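Please look over the sequence and the model shown below before reading on.

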Amino acid sequence: MSAESRFPWMTMVGVLVVATGLELFPPLKLVRSETCALSPHHAGMVFPVERIDPEWICLLQPIIDNYTTVTTVGPVRAAMSESMYHYLLDHPPVATLLIGRLELGLYKSEERGPDRFWGSDGEGTQGIVQLVYKDRTARLYYLEGSHNSRVLPDVTGKAVVLFRMKPVVEPNGAEAMDSTVVSYTKLDNRILSGLVSLMRPLIGGVVTGKLRKGAETVNRLGLVMRQHPERVLSQAMDLPALSDRDVDFLKQSLGGADDFSRTGRPNGPTP
């Protein structure tokens with residue numbers, strides 16, 4: 001439940017996702033790497049597993065086939081555009097820095113290599129997240145992490161997290177993203193795994209709660225971006241500032257580029 005618990009961070013980081021239609025994908029079949037195979041069907045959704053690097057198949061299959069718990073959350077909505085949503089998914093440290101400075105949560109993350117990040121939810125769960133596959137509507141992640149709490153101390157595990165996402169337009173005309181998350185978690189501790197029939201309600205409740213909290217945090221970040229873009233830009237440029245690339249993207253996306261270029265200050269009052 002470690003990896004599962006810590007993957008709320010992923011959800012927050014941009015994790016939040018549902019599909020834009022199965023017709024986008026070619027005929028579905030099992031992907032095979034020697035003796036390993038992955039099904040494309042998960043929680044009533046179809047994923048393009050035939051596009052996953054075959055080297056990953058044998059690592060992911062045992063987790064999915066022999067999971068301790070499986071959890072599905074969604075669809076959930078994030079109040080942000082598709083471009084912003086994808087950018088935060090691709091740049092977790094940007095999301096966590098803004099969430100922290102805006103006092104929306106305790107999440108932290110650091111880049112640890114190509115498409116590889118360390119993350120913590122600030123509540124006893126942490127680990128490494130590796131992006132395995134992505135396209136416009138789907139993502140798949142591999143996680144290894146640990147969880148420590150009074151109820152479940154010093155638990156470690158691995159997880160496979162699948163996301164589906166699609167852009168939507170809200171009744172007021174604002175852009176948003178709907179997403180669904182499917183998580184397969186396998187505990188490292190055999191004793192705990194053996195007690196899963198007794199512990200499943202507890203473990204499932206913790207995982208679901210953390211996922212929903214992550215999703216709510218992302219949505220709150222999106223609402224602040226909509227309502228107070230100047231505040232978000234100000235926090236992004238506060239020292240130590242985000243990279244020039246990240247700041248430029250936020251300026252363009254939040255509509256504050258011209259004012260910042262002229263004055264270096266946000267436009268409008270900051271609450």
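This is a predicted model: local features need pLDDT of at least 70, side-chain atom pairs count only at pLDDT 80 or more; totals for chains, interfaces and linings use all residues.

Helices, of at least four residues, and strands, of at least two, are taken here as DSSP runs and are numbered from the N terminus. Another cis peptide bond leads from Gly74 to Pro75, its omega being near 5 degrees, and Pro75 has its place in strand E5 (residues 69-78).

Strand E10 (residues 155-169) runs antiparallel to strand E9 (residues 138-147), to which ten bridges join it, and Val155 in E10 is the bridge partner of His147. E10 also runs antiparallel to strand E11 (residues 175-187), with 13 bridges between these two strands, and here Pro167 stands opposite Met177 in E11. Five residues separate E10 from E11 in the hairpin that they form, and Gly173 in the turn has a positive phi of about 90 degrees.

| Residue | Phi | Loop |
|---|---|---|
| Ala43 | about 55 degrees | between strand E3 (41-42) and strand E4 (45-46) |
| Glu103 | about 60 degrees | between helix H5 (92-101) and strand E6 (108-113) |

Ala43 has a relative accessibility of 47% and therefore counts as partly exposed, whereas Glu103, at 69% relative accessibility, counts as exposed, because exposed means over 50%.

Note on methods
Residues are numbered from 1 along each chain as its sequence is written. Side-chain values use heavy atoms; hydrogens and water are left out. Two strands pair if DSSP finds at least two bridges between them. Buried means under 20% relative accessible area, exposed over 50%, partly exposed in between (1.4 Å probe, protein chains only).
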